[in-house]
Amino acid sequence: MKWAQDIERAIAAGTYSATAKTRLKTLSELIDHYLGGGHHLRSRSSAYHRDKVRYLTFWKNELGEYALVNLGAPQIVEVREKLAKQELSPATVNRYLSGLSSV
């Protein structure tokens, strides 16, 4: 609570300075930051990493232009339904969702 109050006070006073993380504006920027930081390379096999990049590239192409503040469940559900119509297995659709979730 104290942290939130301090931030709100700084915003109201005009002294708040955004950190690097808060400057990320779109899903595309967030995905690039995630992949650039090597977060997807921390464990598992090379096939896992390759697939993770493929899933994230898909999300970047589908929703990358969305501002993070405007991206919500309705947009993700719409894309999930698009994936389901491609005759992918439910497990594969879940892997795509899991890739996005990790970001």
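How many helices and strands does the chain have? Once that is clear, please take me through helix 3 and what lies around it.

A: The chain has five helices and zero strands, where helices (H or I, at least four residues) and strands (E, at least two) are DSSP runs numbered from the N terminus. This is a predicted model, in which local features need pLDDT of at least 70 and side-chain atom pairs count only at pLDDT 80 or more, while totals for chains, interfaces and linings use all residues. Residues are numbered from 1 along each chain as its sequence is written, and side-chain values use heavy atoms, with hydrogens and water left out.

Read along the sequence, the pattern is α-α-α-α-α. Of the 103 residues, 23% count as buried, meaning under 20% relative accessible area with a 1.4 Å probe and protein chains only (exposed is over 50%, partly exposed in between). Among the contacts (heavy atoms within 4.5 Å) with a separation of 6 or more, 54% come from residues 24 or more positions apart.

Now to your helix. Helix 3 runs over residues 46-63. Buried in helix 3 are His 49, Lys 52, Tyr 55, Leu 56, Phe 58, Trp 59 and Leu 63. Their cover includes helix 2 (27-36), helix 4 and helix 5.

Start with helix 2. Helix 2 and helix 3 pack at about 160 degrees, with axes 9 Å apart; axes are lines fitted to C-alpha atoms, for helices over the stretch in contact, and angles run from 0 to 180 degrees between N-to-C directions. Helix 2 passes helix 3 in a left-handed crossing: the near helix is turned anticlockwise from the far one by less than a right angle, whereas clockwise would be right-handed. On the helix 2 side, the contact is made by Leu 27, Ser 28, Ile 31, Asp 32, Tyr 34 and Leu 35, and on the helix 3 side by Lys 52, Val 53, Leu 56, Trp 59, Lys 60 and Leu 63. These divide into eight nonpolar, one polar and three charged, with Ala, Val, Leu, Ile, Met, Phe, Trp, Tyr, Cys and Pro as nonpolar, Asp, Glu, Lys and Arg as charged, and the others, Gly among them, as polar.

Leaving out residues up to four places away in sequence, Trp 59 touches Leu 27, Ile 31, Gly 64, Ile 76, Val 79, Leu 83, Tyr 96, Leu 97 and Leu 100. From Trp 59 to Leu 97 is 38 residues in sequence and 9.0 Å in space, C-alpha to C-alpha.

Leu 97 brings us to another helix pair. Helix 4 (residues 73-84) and helix 5 (residues 90-102) pack at about 150 degrees, with axes 10 Å apart, and are therefore roughly antiparallel. Ile 76, Arg 80, Leu 83 and Ala 84 of helix 4 meet Val 93, Tyr 96, Leu 97 and Leu 100 of helix 5. Here the residues divide into seven nonpolar, no polar and one charged. Helix 4 passes helix 5 in a right-handed crossing.

Notes. Angles under 35 degrees count as roughly parallel, over 145 as roughly antiparallel, 65 to 115 as roughly perpendicular and the rest as oblique.
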